[in-house]
Amino acid sequence: MNPIRETILETMAQVQADRGRMLAPPGDRDTLTGTLGFDSLDLAVVVVRLEQRLGCDPFRDGRPLVATFGELVALYEQAGGES
Amino acid sequence: MIAGRFEEQARIGGARLALRTSERDWSYAQLLEHAGQFEQQLNKFAGQQIGIVGQDLPARIIGLLVADLNGITPCLFPAGINPSSMNDWAVRMGLVALLNPSARLADSSAVVSTERRASGTAVSAPSLWLFTSGTTGPPQPVLHSWQALTSTVHTSSNFKNRRWLLAYDSASFAGLQVLLQALFTGGTISDVSQCTPEESGQRIISEQIEFASGTPTFWRMVLGAVDPQQWQLANLKQITLGGEAASEGTLTALKAAFPHARISHIYATSELGVCFSVSDGHAGFPASYLQTPPAGCQLRITGDGELEVLSSHCGRTLEDDEVCVSGDATPTWRATGDLVELRDDRIYFTGRKSGAILVGGGKVVPEEIESVIREVPGVAEVRISGQPSSVLGAIVKADVVASPDTDSSTIRTAILAACQAQLPRHKVPAMIEFHNTLPRTPSGKLARSAEATKNLRPKS
């Protein structure tokens, strides 16, 4: 598995674990707020923690969140490639 | 006020729909009929004040109708309030009874008398109690006159019989604005306040919503949860953002998704009412508003950068002597607690004066969380601050000094457990960092300045 995808997975699992929940391994087409059950607060925490670990925040300019896990990974891979 | 509008709609509109919830649809006539059933039990309370217990939208609307039909001043409690604090408020505010419109009429829980001691605030005009979002500590009740609440309702033919989205709690000031605007103009409300962003987006499309209002966070989440291609099927004419400052990026993304909709962001608080709205597609507001004030409100900035407003729409709190409840008394300048700065002829919101943290529009007072964490065994010192977040504006961060010879991962778990048990979710620290010491001011208080936070490095 590539390192960015792995970091995102770990971070998402930690955020769920803090709330006493398990994160089933997501597929690329799983939706963040649908099948994966993340809400805006969960996602805000994921994005802040990822900024600390990966050094980038692709949502910094106020752009909308993305729908699926695959899109989230792609966005960070793209942002990581640019920085 | 409101019952008259319902009677009119029920008469001319036949079975016109007032509400669409996840459970069922309600016509104007059905809601009115339901409210009428309570008349015998409630008419003895004319001129007095009651609390509405139901938390779902139909119950609240029925409660407002019952109150209006019987000359009663109603109080709407915020979502998630627990029964004991509801009773405490009822006693303190002098509410004579609590009405649960969801209960069956024969049910003894439908109308419950309270053990009030206070006589109730004197009300000079038809009014309504709403709770603030809790700027400085716990939520407080604020009395608004119907006249002031409805003064911003648009009645032109453009607004007749439209389809509206309700994304706010209907007992919040913003939610009530949507409710009144829709119901006063024969509109149909789709309630998505309990829906996921995906469901909200799908309902905007499938129910062909025309007017939609939500926080910037709500819109970013909805935009992200729906395939952009699908928005071509949407029919939005007006998009309104409120409750937190709208960023340039969010406004641009909305414009791209809905090129034909008018997009505006609104400045309003539960204490001050609606102050002004901005529709030029940019964050902040034009500096010219200071000289040429928007209708109904004047603005000025104090020496330390706080926005003040002179508004005739402001409400009245329990302790308030400055009565401007009916909207016709002389308005006075009021502090907003919002800090602003001027850049290039534009005024931008930069934070809260009190040091309160805004998490997705919800206000968080650091001291409240600190007092919970300080009780956790092994915690020597704690300071709460806002960690900037591109998604919610800020999230809650706890900087902690642990007692000697303790295990920080055990303490971390205990802090989370204590906060989750005692605080609403948005106040539970999302980040917890451990330190050897926390910075203090020369007088020995915990330093809360941005400068102090910046120089803080976690213990490795």
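**Entry 1: a cavity lining**

I looked up what lines the second largest cavity, and I found Leu32(A), Thr33(A), Leu43(A), Leu65(A), Val66(A), Ala67(A), Met221(B), Gly224(B) and Ala225(B). I noted what a cavity is here: on a 1 Å grid over the protein atoms alone, it is a set of points where a 1.4 Å probe fits but cannot get out, and lining residues have an atom within 4 Å of a point. This cavity has a volume of about 30 Å³, a volume being the space filled by probe spheres set on the points, with grid points joined across faces, edges and corners. My search of the whole structure gave two cavities of 30 Å³ or more.

Which helix gives the most to this lining? I found helix 9 of chain B, with three residues; helices are DSSP runs (H or I, at least four residues) numbered from the N terminus, and strands are E runs of at least two.

**Entry 2: ground rules**

I am reading a predicted model, where local features need pLDDT of at least 70, side-chain atom pairs count only at pLDDT 80 or more, and totals for chains, interfaces and linings use all residues. Residues are numbered from 1 along each chain as its sequence is written, chains are lettered from A and ligands numbered from 1 in the order in which they are written, and side-chain values use heavy atoms, leaving out hydrogens and water.

**Entry 3: where the chains meet**

I saw 29 residues of chain B in contact (heavy atoms within 4.5 Å) with 26 residues of chain A. Together the chains bury about 2200 Å², 60% of it on carbon and sulfur atoms; buried area is the accessible area (1.4 Å probe) that two parts lose on being put together, summed over both. Met221(B), Ser390(B) and Arg425(B) supply 27% of what chain B buries against chain A, more than any other three residues.

**Entry 4: salt bridges**

I counted three salt bridges between chain B and chain A, each a side-chain nitrogen of Lys or Arg within 4 Å of a carboxyl oxygen of Asp or Glu. Over all chains, the structure holds 25. Arg412(B) pairs with Asp18(A), their closest N and O atoms being 3.1 Å apart. Why does this pair join two chains? Arg412(B) lies in helix 12 of chain B and Asp18(A) in helix 1 (residues 3-18) of chain A, so the pair joins two chains.

Terms used:
1 Å grid on protein atoms, 1.4 Å probe; cavity = no way out; pocket = protein on both sides within 12 Å on 5 of 7 lines; lining within 4 Å.
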